[in-house]
Amino acid sequence: MNIFQLLGILCWIGSAILIFWMVADFFKTNTGYDEHYLLSSLEGHDEISEQERQHQVERDEGKG
Amino acid sequence: MADQIANSPEEKKEERISLLTVLGPAHVWALGVGIVLVGEYMGYNFSVGKGGALGSLISCWFIGLLYTCVAMVDSEVSATVASAGGQYSQAKHIVGPLMAFNVGLYLVFAYTMLEAADALVVGDLMVEAAADMGYPGLDPKPFVVFTIAILAWLNYRGVFMTLTVNFVITAVAFVAIFVLFFAVQGWTPGVSVHHKELLTKLPYGWLGVVAAFQFAIWYYLGIEGTCQAAEEVRSVSRALPLGTITGMMTLLIAASMTWYITAGLLPWEYLGVSLIPQWDAARAFGNPVVKFVMFFGTLFSAVASANGTITDAARAWFAMSRDHYLPVWFGAVHPKYRTPYRSILFLIPVAISFGFTGLLDQVITFSILSGLLGYTFMPINMFKFRRQWPLGTIRRGYVHPFHPFPAVTLFLLCCVTYFATYLGYGTQLLAMMTFYIAASLWFHFHRYKYVKRGDQFQMTWPRPVGY
């Protein structure tokens, strides 16, 4: 067996470990948390509007 | 934004989970250039086979113009629509649900096929390296699978680490191109590079130059992927245009240098069919140190690209699921790692199965065609965006100059590239069109009834002009 074949075997073993880890964590997460919570994310906020609102608050606080 | 993991079911119901906003302009650059740079190491050279070395150079610059327009147009919209869905979310807000569904599929398939192609390159590279060292006949499959598995795991564990690693390996791959340039003394023609002897007239005439457009896309395919990170960037209006446009500048330099070096070292007939042209150029040069550097440059570029495409494909799938365009189950965010873990996991076997075909040019073509369809949508999107929300009606993170010339130029170049693709891969082009039409029919007649039509629009924009 040459070094590349050995590397190939190590790659198979490494792949199996990583995929097993991800699948195990996947099941653990699915069962450990409420499904509604896991699916609760919203699309990205309108950042520019939020920044403007924040700046307005800061300006109002400055005036106050 | 909900950052805490709730302890009780009651608390969990009150809080929302979200992706983490941790990325900066360097990460955006790393995502964009990382996805693309492998195109400077392989794939682009098929354009040499289509149109000769000079034909490849001409197509490189015309397609560079196409992508410069893409970067300009896309930066304006994505800096204003900050969503993980990228162009999918843009289409949803500006054009409509059916266009959005199609664009989402373009993204998923373009990036997943690119991921498979990158893994194939890693496998082919290991086979070539083994043969070079006297061990022919190596099986590439374990390297293909391991590449996808380890990068999926990295993506699963968090976007910050994923793109920080990508920044490092992308930078190394970019520098490696300069190492080769300096090693061959590229500024002194005749010493190592022999353009005078190797460059020929256009072997297939100007039709060959047009045909070369299809694979010249490989120099730049994927730079538009920066906008998939929009929901995880700390300052979208600054980081996205900055990362995307500096990424495009990086790629223009890398593409030109790549062509210059390889066309000066290898005859076009060989360059046009090589699987790993940069490494072949280094082998032709003969310096073992340079060969070593280019081996790792090729490896890192392929790994960086696969890494970025996993990030982008998963986010496109995730964004579509969140809006019920696909089963909503895929729209989950990992509570600890804050990544779209179900989407990442789901796309692993898809990429591996395409990687196992070993058909690099077919997988590349699938990716290119999906990307091309996405680029055709962009000028339409841009015109509607400016018409429905003219400048001054909403705050834009970035306004690109010279509108409508970039959008018009982009559309025209896309049309030429469709014709170029038809010349060489007409059957695949028709098959893909048929697939997307079938998918559109499925969406319209079956899936759209599950979409919560009001909930899918998150931007707080005024009513568009004319509505």
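## Chain B and its contact with chain A

In this predicted model, 46 residues of chain B are in contact with 29 residues of chain A. On the side of chain B that touches chain A, the elements that give two or more residues are H1, H5, H6, helix H10 (236-265) and helix H14 (341-355) of chain B, and of these H6(B) gives the most, with nine residues. Sorted by class, that side of chain B has 28 nonpolar, ten polar and eight charged residues. For the complex, the predictor gives an ipTM of 0.81 and a pTM of 0.86.

Of the 64 residues in chain A, buried residues make up 22%.

The mean pLDDT of chain B is 88, and 97% of its residues reach 70 or more. Within chain B, confidence is highest in H6(B), at 95, and lowest in helix H1 (residues 9-14), at a mean of 47. Over residues 1-13 of chain B the pLDDT stays under 50, and for this stretch the model has 15 contacts beyond four places in sequence. Where pLDDT is low, the predicted coordinates should not be read in detail.

Two of the helices named above also meet each other. Helix H5 (residues 97-132) of chain B packs with helix H6 (residues 141-157) of chain B at an angle of about 135°, and their axes are 8 Å apart; that angle makes H5(B) oblique to H6(B). The crossing in which H5(B) passes H6(B) is right-handed. From H5(B), the contact is made by Glu115(B), Ala119(B), Leu120(B), Val122(B), Gly123(B) and Met126(B), and from H6(B) by Lys141(B), Phe143(B), Val144(B), Thr147(B) and Ile148(B). By class, this contact has seven nonpolar, two polar and two charged residues.

Several loop residues of chain B can be described one by one. Val193(B) lies in the loop between helix H7 (159-183) and helix H8 (195-198) of chain B, and Val193(B) counts as buried because 23 other C-beta atoms lie within 10 Å. Leaving aside residues up to four places away in sequence, Val193(B) touches Val184(B), Gly186(B), Ile261(B), Gly264(B) and Leu265(B). Val193(B) and Leu266(B) are 73 residues apart in sequence, while their C-alpha atoms are 8.8 Å apart in space.

Most residues other than glycine have a negative phi, and most peptide bonds are trans. His324(B) and Arg338(B), neither of them glycine, have positive phi values, and the table sets them side by side.

| Residue | Phi | C-beta neighbours inside 10 Å | Class |
|---|---|---|---|
| His324(B) | near 70° | 18 | partly exposed |
| Arg338(B) | near 55° | 20 | buried |

His324(B) is placed in the loop between helix H13 (288-322) and H14 of chain B, and Arg338(B) is likewise found in the loop between H13 and H14 of chain B. Why does Arg338(B) count as buried? Arg338(B) has 20 C-beta neighbours inside 10 Å, and a residue is buried if 20 or more other C-beta atoms lie within that distance. With 18 such neighbours, His324(B) therefore counts as partly exposed.

A cis peptide bond, with omega about 10°, joins His403(B) and Pro404(B). Pro404(B) is found in the loop between helix H15 (360-388) and helix H16 (405-447) of chain B.

Conventions. Residues are numbered from 1 along each chain as its sequence is written. Chains are lettered from A and ligands numbered from 1 in the order in which they are written. This is a predicted model: local features need pLDDT of at least 70, side-chain atom pairs count only at pLDDT 80 or more; totals for chains, interfaces and linings use all residues. Axes are lines fitted to C-alpha atoms, for helices over the stretch in contact, and angles run from 0 to 180 degrees between N-to-C directions. Helices (H or I, at least four residues) and strands (E, at least two) are DSSP runs, numbered from the N terminus. Angles under 35 degrees count as roughly parallel, over 145 as roughly antiparallel, 65 to 115 as roughly perpendicular and the rest as oblique. A crossing is left-handed if the near helix is turned anticlockwise from the far one by less than a right angle, and right-handed if clockwise. Two residues are in contact if their C-beta atoms, placed from the backbone, lie within 7 Å. Ala, Val, Leu, Ile, Met, Phe, Trp, Tyr, Cys and Pro count as nonpolar, Asp, Glu, Lys and Arg as charged, and the others, Gly among them, as polar. pLDDT is the predictor's confidence in each residue, from 0 to 100. A residue is buried if 20 or more other C-beta atoms lie within 10 Å of its own, exposed if 12 or fewer, and partly exposed in between; C-beta atoms are placed from the backbone.
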